[in-house]
Amino acid sequence: MGLKPLIKIEGISFGYTQKTVLADIDLSITKGEVVAVLGPNGCGKSTLIKIMLGLLRPDAGRVLLNGENIRKLDTRYLAQKIAYVPQTHKSSFPYSVLDVVLMGRIPHKTFFFRYSNKDMKIAQGALERLSVSHLTSRAYTEISGGERQLTLIARALAQGATTFIMDEPAGGLDYGNQLKLLDQIVKLSREGYTFIKATHSPEHALWIAHRAVLIKKGTIIADGPCDDVITTENLFHLYNARVNVLKFNDGPFNVCVPQTICGCMDALHDRKESIFENNQKVMQCQ
Amino acid sequence: MKTNKKILPLLLIVLVLTICVSLTIGKYPLGLTDIGNFFLLKLFKMGNMDVRQQDLLSNLLFDIRLPRILAAALIGASLSVAGASFQAMFVNPLVSPSLLGVLAGASFGAALGMVFSGSWFAVQCLTFFFGFLAVGIAVAIAKMHKGNTILLLILGGIISGAMFTSLLSVIKYIADPANQLPAIVQWLMGGLSLVDYKTLLAAGIPQIVSIALVILFSGYLNALSMGDEEARSLGIRVERIRLLLIFLATLMSALTVVIAGMIGWVGLIIPHITRMLVGPDNKILVPASALIGAIYLIAVDNVSRMLFVVEIPMGIVTSLVGIPFFVLILRKAQKGWG
């Protein structure tokens, strides 16, 4: 990789009292990459994300954005460059979707501010780009989880940031919404946006990420192109789960198939057959 | 969006009308025509009026009724703005301005002053000082620990509030039961009977300034109510702005106790009613709460003056009106709480 890194993490360590969460992490991310950060619960990936956003101060090491230490940057400037897309959540107050997207304009405002017509246009434009402008005046608390996640991405776009850091973006979304979300990430990454996302799903990483970073107990155990890093051995090492990572027939990426289920495949298949036969009439009626 | 922006001038007109109508309300009946003639005479030297009638009107309107009305408006606006900003800041629509102990501290200060000093001025100073001290203790307790700042502040407020409530009991216990104790108890029920222009001016100016500042900062409140991390990722210096808003809210709430003792429930229910009227966007919610709070408290003061032969303490009326109203809005408000 001859490219200059967009974000460079150098020797980051972090610990809450007594417990080490991250130990000497090095990582560099190039513009336009989609990087999936994988690891079991409590491995430190959320902490790493918060350090990259400047929300937590590392005990050692530093995060460089275009060569500058993010802790020395103005918070508003940083927010114009890097946006945080939190896990889908419900707000306590039923703000309109437009109000939520408008929050993304705050880094461009000073002291006492009111949103201008330009801010309105930018916010509406961001919603249009994600094809959710029909939500504009809906209450953020009443739309679906997938729509909320798209709203938060629209807010990140309105922020003007080109690097999006996401924490479990697909968590809690139904299958259709997960795919819609991944579609949007791919679309935006083609336009040059950089994505760093913590995820629980190796499949999602295989589908859309250029690169996977595997974290276990606060250290990176593997880092590289998804097909090289997300392997049967690594997944066992990472999650203590037996999963076969298989080459998909002529497909663009590998797929994960759990071994435990594979092992009983025949039995499962037989059972399905018999169930299917019994229910056939019913299903046809439907 | 558009209807929301029109509501502020509309509320302002309602507030002015409420003030005008309230000037006519009182034990001594005055018609709008009397008042109209009086103002025409005073402002434009038009028409004529008996001198004794003039003095009477001037005394009634300017010395008795107007200060009460202005005080009620200031207190209603202050408590509502403090409540609205606390609700956003602490991400909880059930929060009231007393969250960080300001009212408990101020009541203790007032009681302390009534028992150990003779002067009303000293009572007012102590009220103000202990209101701030209580919040200072809550913030200091939160700062002592690392962790979720919002939660720690709420716990700090509970501790500080409980401490000053107990100290208040100590003062009540040692107070002279013949005259000091009734004075303390009555003061804690809240009322506007002791309002004078000097207090009004001294308390009103900082209150108006801090209300204006909170309105100017209200653009940040939406983002603050999404939680600390999100707000910080949006480029907001959360700690700094929160501390500033806490300071302003404490200033205006402590001064309401200086003017009129304890007035409960206003800071909790007015932002709710306003939210139902104008929606949750704090840029409109905060100024609208100020106006609706002012209108509400002027109305409450009219009731507490007129309902019975003897004046009822205003704090009692706000509680009696506030509690059933809260039960009523609870169901509607639940929708937006998630």
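This is a predicted model: local features need pLDDT of at least 70, side-chain atom pairs count only at pLDDT 80 or more; totals for chains, interfaces and linings use all residues.
Let me begin with one residue, Asp119(A), which sits in helix 4 of chain A, the helix that runs over residues 117–129. Setting aside residues up to four places away in sequence, Asp119(A) touches Leu102(A) and Arg105(A). His108(A) is eleven residues from Asp119(A) in sequence, and the two C-alpha atoms are 9.4 Å apart in space.

Now to the domains. Chain A is divided into domain 1, covering 7–239, and domain 2, covering 242–286, and the C-alpha centres of these two domains of chain A lie 34 Å apart. Their contact draws ten residues from domain 1 of chain A and seven residues from domain 2 of chain A. On the domain 1 side, helix 7 (202–208) and helix 9 (232–239) of chain A each supply at least two residues, and helix 7 of chain A gives the largest share, four residues. By class, that side of domain 1 has six nonpolar, two polar and two charged residues.

Finally, the partner chain. How many residues of chain A are in contact with chain B? There are 23 residues of chain A, and they meet 23 residues of chain B. On the chain A side, the largest share, four residues, comes from helix 2 of chain A, residues 75–81, while the class breakdown of that side is 14 nonpolar, five polar and four charged residues.

Terms used:
Residues are numbered from 1 along each chain as its sequence is written. Chains are lettered from A and ligands numbered from 1 in the order in which they are written. Two residues are in contact if their C-beta atoms, placed from the backbone, lie within 7 Å. Ala, Val, Leu, Ile, Met, Phe, Trp, Tyr, Cys and Pro count as nonpolar, Asp, Glu, Lys and Arg as charged, and the others, Gly among them, as polar. Domain bounds come from an automatic or database domain assignment.
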